[in-house]
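Dear colleague,

Please find the structure below, together with its sequence. My notes on what was found in it follow.

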Amino acid sequence: MLGYSGQMVIGIILTIALSNLLPKEAYGTYQFIISVSAIIGGITLSGMGTALMRTVARGSKGALQYAFKTQLVWSSGIILAGGAVALYYFLNGDTRLAIAFLATGALMPFLTGFSLYRPYLEGRRLFRESTTLGMWRRPLPAIAVFITLLFTDNPIILVLTYFLSQTVSMGLLYWLVVRKYPESAQANPELLNYSKHLSVMGIVGIIASNMDKMLVFHFLGAAPVAVYTLAQLPSTQILKMFSLAGSLVFPKFAQRNLSALRETLTHKIYVFSFATIAVVALYITLSPYIFKLIFPMYQEAVFLSQILILAVLTKPFTLYAQVFAAHGLKRAQYFTQISVAIIKLSLLLVLLPLYGLWGAVWTTLATSIYWSIIVAVLFYRRKV
């Protein structure tokens with residue numbers, strides 16, 4: 001929680017700076033590039049982190065350096081995708097976006113590889129060390145972007161600064177972990193095989209998570225992307241808390257059988273749900289004052305954010321999804337990820353042109369409800 005709180009504060013401070021110091025169009029373009037880059041970065045073994053955590057939690061040695069080398073080998077798709085997107089914008093006369101995607105495509109393979117230090121530490125249940133390292137790393141990209149922001153409002157330069165500082169700082173942490181826990185890389189076919197399955201599912205999820213901003217940019221323009229991003233910010237930060245909970249319970253889930261988990265998990269879901277209801281109610285009450293104080297130029301995002309925060313009520317069911325990942329239940333994960341992505345993309349294509357940003361909001365709520373029902377049904381119907 002300490003590490004998450006620090007990350008949240010840093011992210012909010014950077015968001016406040018960008019949203020207040022940049023024109024809406026520039027901030028929207030910045031967020032658009034980040035979203036497309038996330039999709040480009042998913043064209044690799046994006047599931048390697050989860051597979052590595054599971055492997056390490058089960059006592060495997062030498063997995064980190066093997067995972068890193070394998071990740072780089074399989075990252076050629078990132079470079080090709082980045083080059084293809086850059087070529088598209090170059091041919092359409094937008095040299096700025098072409099440069100941005102060419103650079104991010106070159107940096108993302110190293111960024112994704114270096115970031116494997118974290119699931120390695122969490123798989124070994126070294127949460128204190130993971131948090132400590134993250135607390136001094138996370139401010140560095142924010143500081144670099146903020147300093148750059150003092151000299152320019154060019155979203156392309158800001159994006160390049162962000163990715164370059166992320167890659168350098170993440171590389172330092174990877175080097176420190178490898179140096180402290182020296183292990184010879186050992187081939188692990190099971191790790192590679194499971195990461196392939198997770199990656200296929202992961203790219204679908206990554207596309208679904210970032211497609212909304214891409215389509216908002218396409219149908220409505222850059223300024224609405226800025227409004228939508230800030231409307232999403234509260235729910236996004238709260239969802240990171242659930243990701244933290246998932247990391248904490250993942251090693252335990254990997255070591256316990258499904259029968260035992262089925263007996264105890266329902267109570268944990270209830271506890272999470274009550275806490276979530278309290279947080280959502282508090283935010284809805286305070287959100288008008290929050291936006292007036294820190295996002296005065298984006299008052300139109302207040303009501304959107306109050307509706308979007310309702311999607312958080314479904315996220316205690318994340319624990320069910322963690323069971324699927326911890327026990328390698330590939331069929332359940334495939335069905336969940338792919339069906340959610342198809343529904344979300346279909347709804348966005350229909351509702352966004354008709355209702356603008358509200359179309360994206362209703363899509364988020366609908367897919368969140370569908371996802372929570374599916375993971376619960378799959379968990380309780382599974383034979384043990």
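The largest nonpolar core has 85 residues, of which Leu18, Leu52 and Phe101 touch the most other members. The greatest contribution to this core, nine residues, is made by helix 10 (residues 155–180). Another core, of 15 residues, lies apart from it and includes Phe253, Leu261, Leu319 and Phe324.

Setting aside residues up to four places away in sequence, Phe101 touches Phe32, Ile33, Val36, Ser37, Ile40, Gly82, Val85, Ala86 and Tyr89.

Please bear in mind that this is a predicted model. The mean pLDDT of the protein is 84, and 91% of its residues reach 70 or more. Among the elements, helix 14 has the highest mean pLDDT (94), whereas helix 15 (residues 318–326) has the lowest (74). Where pLDDT is low, the predicted coordinates should not be read in detail.

Helix 14 is also mostly covered, with seven of its eight residues buried. These are Ala301, Val302, Leu304, Ser305, Gln306, Ile307 and Leu308. Gln306, which belongs to this helix (residues 301–308), counts as buried because its relative accessibility is 17%, below the 20% cut-off. Beyond its neighbours within four places in sequence, Gln306 is in contact with Tyr283, Ile284, Ser287 and Pro288.

Two or more lining residues come from each of helix 1 (2–21), helix 12 (222–255) and helix 13 (258–294). Helix 13 provides the largest share of this lining, seven residues.

Finally, a note on Gly11, which is located in helix 1. Gly11 counts as partly exposed because its relative accessibility is 23%, a value between the cut-offs of 20% and 50%. The C-alpha atoms of Gly11 and Ala142 are separated by 7.6 Å, although the two residues are 131 residues apart along the chain.

With kind regards

Notes
Residues are numbered from 1 along each chain as its sequence is written. This is a predicted model: local features need pLDDT of at least 70, side-chain atom pairs count only at pLDDT 80 or more; totals for chains, interfaces and linings use all residues. Side-chain values use heavy atoms; hydrogens and water are left out. Helices (H or I, at least four residues) and strands (E, at least two) are DSSP runs, numbered from the N terminus. Buried means under 20% relative accessible area, exposed over 50%, partly exposed in between (1.4 Å probe, protein chains only). Contact means heavy atoms within 4.5 Å. pLDDT is the predictor's confidence in each residue, from 0 to 100. A nonpolar core is a set of buried Ala, Val, Leu, Ile, Met, Phe, Trp, Tyr and Cys residues joined through side-chain atoms within 4.5 Å.
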